[in-house]
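This report goes through selected features of one protein chain. Please keep the sequence and the structure open while reading.

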Amino acid sequence: MSTVCAVSTPLAEGGLAVIRISGPDAIPCAAKIFKPFNGTPVPEMNGYTCAYGRVIDPADGRVVDDAMLTVFRAPHSYTGEDTAEISCHGGVYITKSILRLCLANGCSQADRGEFTKRAFVNGKLSLTQAESVMELISAKGEQSLRSARLTREGRLFQRIDGVKQQLITLLGSLAAWVDYPEEDLPAVENTALLKTLNTASSELERLLRDFDSGMVLRTGIDTVIAGKPNVGKSTLMNTLLGYERSIVTEAAGTTRDVIEETARLGELELRLSDTAGIRDAEDAVEKLGVSRAKKRLRECALVIAVFDTSAELDAEDRELLALLKELGKKLIIVLNKSDLGASADRSAFEGMGAEILELSAKNGEGLPELTAAVGKLFGAKDYDADSTIFANERQKRCAEAALERLRAASEAAALGETLDAVTVMIDAAASELMELTGERITEAVANEVFSKFCVGK
Ligand code: GDP
């Protein structure tokens, strides 16, 4: 294993910066460039101790900075390896100079997430914990910080591990029974088999549900305000945001691009984009906006479809309704300009499975009802703040895949298929869970996970 170094604090002016060195030569490298004022040789420093001293370039004796050196001895460090951390003054030039000294004295530059990757390789962290380190760093609110901390503490790992253990025990008895029929082992009862599969599925379902509510709380609801030009989308967006963001004009088709902003609506946060009218635009710039708007409609979690209730619905409105029906998104239909009196025919909105509200984006009438409708669709009431949600889409995908296999196994068992076939599916589910926790991951997955980290972490 090589010895690597990186600046672990942001490369910007600040009070302090930390250069971290990890690997078998971490302490010899630090000894070459750091001289404690009290004369203690660096190689004699114990783990968890620090020394005040000077960073000196051994090539020419030039003093770079006065700094603190902290020594960690393997395996009692973040990475599990010998580690030295130099805390110096937080200037960009000083920090880079010290990094260069490390590179000239036996270290190579750490890759993105390399320290955390080493911690994972050395068994200091599970993969889910490693991923939660990244979440901790990027946590923006109390809720997400709490969840990341719990994952960091290994709760997600424990829950997934619990499910996995059940499956492995089950696989054990299935294998014994299939492979040694002459041993007169107790048969795996179909009802017991189905019960275990169902328990495991429910636990995964619960985790997945929490992931969705957790995402809503963490990152807001990805919302698109859709509608043909001039129905009042920008006005509604501005009213929701409480300030002017998109340009409201009288001319049709002026909101050409997709604008994104965040608005708080009661407990929830909407990530809003106000899109160009969904219609067959003639002009090229507008066309770009329209195709982008359609793409956003496909991706988003909630559509607020706006219609002008003071006018009759036209072909464009109906086209949007048809598109929404096809997409099957969570939908709120807003009949805007209620202050002008309604003349639109409401029968067109029936059977859309949507909440239909009259509203005036101009004077704010109907906004409390809109808030309530969003809360009803995304209410986080039953969200357990102590639950451990998945840190990212990778983990979620693994859990979904495992759940899918378990469902298939239940189905096969219920239909009386051979135990061999059922075993294969359960085995595949267990594999997915092991990929989730990192017990069985490929190099490619590990690299993908750690490449999302920043250098120095
Ligand atoms: P967009 O093209 O869908 O974004 O529509 P705008 O928000 O630009 O609004 C088009 C026109 O309708 C503007 O003149 C707005 O002032 C007006 N408007 C929007 N909402 C309302 C409303 O609730 N009541 C009334 N009377 N006018 C509105």
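Lys164 counts as buried, because its relative accessibility is 4% and the cut-off for buried is under 20%. The model is a predicted one. Lys164 belongs to helix 6, which covers residues 155–179. Leaving aside residues up to four places away in sequence, Lys164 touches Ala430, Leu433, Met434 and Glu439.

## The chain as a whole

The chain contains 14 helices and 13 strands. Of its 457 residues, 48% are buried. The chain exposes about 21800 Å², and carbon and sulfur atoms supply 52% of that area.

Contacts can also be sorted by separation along the sequence. Among contacts between residues at least 6 apart, 67% join residues at least 24 apart.

## Thr95 in helix 2

Thr95 is found in helix 2, residues 92–104. Thr95 has a relative accessible area of 2% and is therefore buried, the cut-off being under 20%.

Which residues does Thr95 touch, not counting residues up to four places away in sequence? They are Val7, Leu11, Ala17, Ile19, Cys88, His89 and Gly90.

The buried residues are Glu114, Phe115, Thr116, Arg118, Ala119 and Phe120.

Just after helix 3, Gly123 takes a positive phi of about 75°.

## Aromatic pairs

How many aromatic pairs does a search of the whole structure find? The search finds 3. One of them joins Tyr48 and Phe72, whose ring centres are 6.0 Å apart; the planes stand at 90°, so this pair is edge-to-face. The pair links distant parts of the chain, with Tyr48 in the loop between strand 3 and strand 4 and Phe72 in strand 5 (residues 63–72), 24 residues apart. Are the two partners buried or exposed? Tyr48 is exposed, because its relative accessible area is 62%, whereas Phe72, at 17%, is buried.

Phe307 and Phe349 form another aromatic pair, with 5.0 Å from centre to centre and 55° between the planes, which makes it tilted. Phe307 lies in strand 11 (residues 302–308) and Phe349 in the loop between strand 12 (330–336) and strand 13 (355–358), so the pair ties together parts that are 42 residues apart in sequence. Both Phe307 and Phe349 are buried.

## A nonpolar patch on the surface

Phe37, Tyr52 and Met68 form a nonpolar patch on the surface. Together they have about 300 Å² of accessible area.

Phe37 lies in the loop between strand 3 (34–36) and strand 4 (49–56). With a relative accessible area of 44%, Phe37 is partly exposed, because that class lies between the cut-offs of 20% and 50%.

Methods
Residues numbered from 1 in each chain as written. Predicted model: local features only at pLDDT ≥ 70, side-chain atom pairs only at ≥ 80, totals over all residues. Heavy atoms only, no water. Patch = residues over 30% accessible without salt bridge, like charges linked within 9 Å, V, L, I, M, F, W, Y side chains within 5 Å. Areas by Shrake-Rupley, 256 points an atom, 1.4 Å probe, with all protein chains shown as cover. Salt bridge = Lys/Arg side-chain N within 4 Å of Asp/Glu carboxyl O. Helix = DSSP H or I, 4+ residues; strand = E, 2+ residues; numbered from the N terminus. Buried < 20%, exposed > 50% of the residue type's maximum accessible area, 1.4 Å probe, protein only. Phe/Tyr/Trp six-rings, centres within 6.5 Å; stacked < 30°, edge-to-face > 60°. Contact = heavy atoms within 4.5 Å.
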